[in-house]
There are 2 protein chains.
Amino acid sequence: MRYTSAAIETLIEEFAKLPGIGRKTAQRLAMHILHEPKSGAERLAGALIDIKEKVIRCSVCQNVTDRDADPCYICSSTGRDRSVICVVESPADVLAFEKTGHYKGQYHVLHGLVSPLDGIGPDDIRINELLARLGGRHETVPVKEVVLALNPTVEGETTSLYITRLLKPFGISVTKIARGIPVGAELEFIDEATLSRAMEGRSAV
Amino acid sequence: MRYTSAAIETLIEEFAKLPGIGRKTAQRLAMHILHEPKSGAERLAGALIDIKEKVIRCSVCQNVTDRDADPCYICSSTGRDRSVICVVESPADVLAFEKTGHYKGQYHVLHGLVSPLDGIGPDDIRINELLARLGGRHETVPVKEVVLALNPTVEGETTSLYITRLLKPFGISVTKIARGIPVGAELEFIDEATLSRAMEGRSAV
């Protein structure tokens, strides 16, 4: 059954196309927009158009940035360590590391992982751009360390292995973030694979 | 912590203003829009503008309709019983009744309920428009029955009572939808108020 207004029905359908938004939620959102001042709907509509028109990938680290801010603010910051590059899968991962406030190096966003089953090869993600950075085209300070911070999945491990091999000739230190017990977790509820990795990666106290 | 793109950040903030959408969901939606073809974002943006520009209230039943479809399709339908008007709070309630496929009369949407605590009086909702319809200005067939189908809350009951009193001089039959046990419910889990109403409203079998 449809609303008596085609405009409402169209908006509901468009909202329902978004991930995790069902028909009921879409109806609620459309009704909210309908009762809100016009400026609210215009701001959201403007932001939707802007994201498609303004967002590009940083020419250095490949993270998302605005057309008028390339290289991105992390790459152009003078306060960060340019000798370390942390390799991540997506812009959301950069956000996660930035939230910690601990890491002060640079990033490189691959925008995907090597996944032969899905037909994604090394040339489909931004690995070549990483090699170019190490080749010294952009960087003024030589890169000393590449930290691989990819998800602990089959695709993540495959990509890590592939990049590690590619970086060998550069003579750069390649590291991987630690796998182990999350802070605050209880040992008895941790899965076997994580526990084994934690034991392997034990360090002196 | 913010994304490295102001355009992405703005869209996340706009999404997060919608009801039931938190910062995490807003991020997921923004990332979806970023990776989607441009046409998808444009369709959603267009629908948002359209709903504010095209949607009006039907001059007869006050339900939402498009600017180029007034009276709405229910009011202008020739196949519906014009002698019965069902009074509801919101357009969503019309939708709920239409879904049943049983009710074939007209509707009247109040767009709210009398609620003195919230400062909403009878003149703030579309009661006068209901009286105008009964006065016969729009209707060609005389109205014989007004069915009150408002939510069983204090505000709903107050509004029902108010309308019932107003309609007395018109000599029209005023009815209320039945309160009782929902279909499929188990008696032992029904609250006392509903059970009392169900007992009061018992009918011969």
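## Basis of the values

The model is predicted: local features need pLDDT of at least 70, side-chain atom pairs count only at pLDDT 80 or more, and totals for chains, interfaces and linings use all residues. Side-chain values use heavy atoms, with hydrogens and water left out, residues are numbered from 1 along each chain as its sequence is written, and chains are lettered from A and ligands numbered from 1 in the order in which they are written.

Helices (H or I, at least four residues) and strands (E, at least two) are DSSP runs, numbered from the N terminus. Axes are lines fitted to C-alpha atoms, for helices over the stretch in contact, and angles run from 0 to 180 degrees between N-to-C directions.

## Two helices within chain A

In chain A, helix H1 (residues 6-16) and H2(A) have axes that come within 8 Å and cross at roughly 130°. H1(A) and H2(A) are therefore oblique to each other; angles under 35 degrees count as roughly parallel, over 145 as roughly antiparallel, 65 to 115 as roughly perpendicular and the rest as oblique. The crossing of H1(A) and H2(A) is right-handed. A crossing is left-handed if the near helix is turned anticlockwise from the far one by less than a right angle, and right-handed if clockwise.

On the H1(A) side, the residues that meet H2(A) are Ile8(A), Glu9(A), Leu11(A), Ile12(A), Phe15(A) and Ala16(A). Their counterparts in H2(A) include Arg23(A), Gln27(A), Ala30(A), Ile33(A) and Leu34(A). Contact means heavy atoms within 4.5 Å. The residues of this contact divide into 11 nonpolar, one polar and two charged. Here Ala, Val, Leu, Ile, Met, Phe, Trp, Tyr, Cys and Pro count as nonpolar, Asp, Glu, Lys and Arg as charged, and the others, Gly among them, as polar.

## A helix pair between the chains

Helix H2 (residues 23-35) of chain A also packs with helix H3 (residues 38-54) of chain B, at an angle of about 50° and with their axes 9 Å apart. H2(A) and H3(B) are therefore oblique to each other, and their crossing is right-handed. Ala30(A), Ile33(A), Leu34(A) and His35(A) make the contact from H2(A), while Leu48(B), Ile51(B) and Lys52(B) make it from H3(B). Of these residues, five are nonpolar, one is polar and one is charged.

## The sheet of chain A

Chain A has an open sheet of four strands in the order S4-S3-S5-S6, with parallel pairing. Two strands pair if DSSP finds at least two bridges between them. Strand S4 (106-109) and strand S6 (173-176) of chain A are the edge strands, each pairing on one side only. On average, neighbouring strands are turned by 25° against each other, direction ignored.

Strand S3 (residues 84-88) of chain A runs parallel to S4(A), and four bridges join them. Ile85(A) has Gln106(A) in S4(A) as its bridge partner. Helix H5 (residues 91-100) of chain A packs on the sheet and touches S3 and S4 of chain A, with its direction at about 155° to that of S4(A). Helix H7 (residues 154-167) of chain A lies across S3, strand S5 (145-148) and S6 of chain A, running at about 165° to S5(A).

## The sheet of chain B

In chain B, four strands form an open sheet in the order S4-S3-S5-S6, and the pairing is parallel. Strand S4 (105-109) and strand S6 (173-176) of chain B stand at the edges with a single partner strand each, so one side of each is left without a neighbour in the sheet.

Strand S5 (residues 145-148) of chain B pairs with S6(B) over four bridges. Leu148(B) stands opposite Lys176(B) in S6(B). Helix H6 (residues 127-134) of chain B packs on the sheet, touching S3, S4 and S5 of chain B, and its direction makes about 150° with that of S4(B).

Most residues other than glycine have a negative phi, and most peptide bonds are trans. In chain A, a cis peptide bond with omega of about 0° joins Asp70(A) and Pro71(A). Pro71(A) lies in the loop between strand S2 (64-66) and helix H4 (73-76) of chain A. In chain B, the peptide bond from Asp70(B) to Pro71(B) is cis, with omega near 0°.

Gln62(B) is not a glycine, yet has a positive phi of about 70°. Gln62(B) is placed in the loop between strand S1 (55-57) and S2 of chain B.

## Aromatic rings

Over all chains, the structure holds four aromatic pairs. Rings of Phe, Tyr and Trp (its six-membered ring) pair if their centres lie within 6.5 Å; planes under 30 degrees apart count as stacked, over 60 as edge-to-face and the rest as tilted. Phe97(A), Tyr103(A) and Tyr107(A) form one aromatic cluster.
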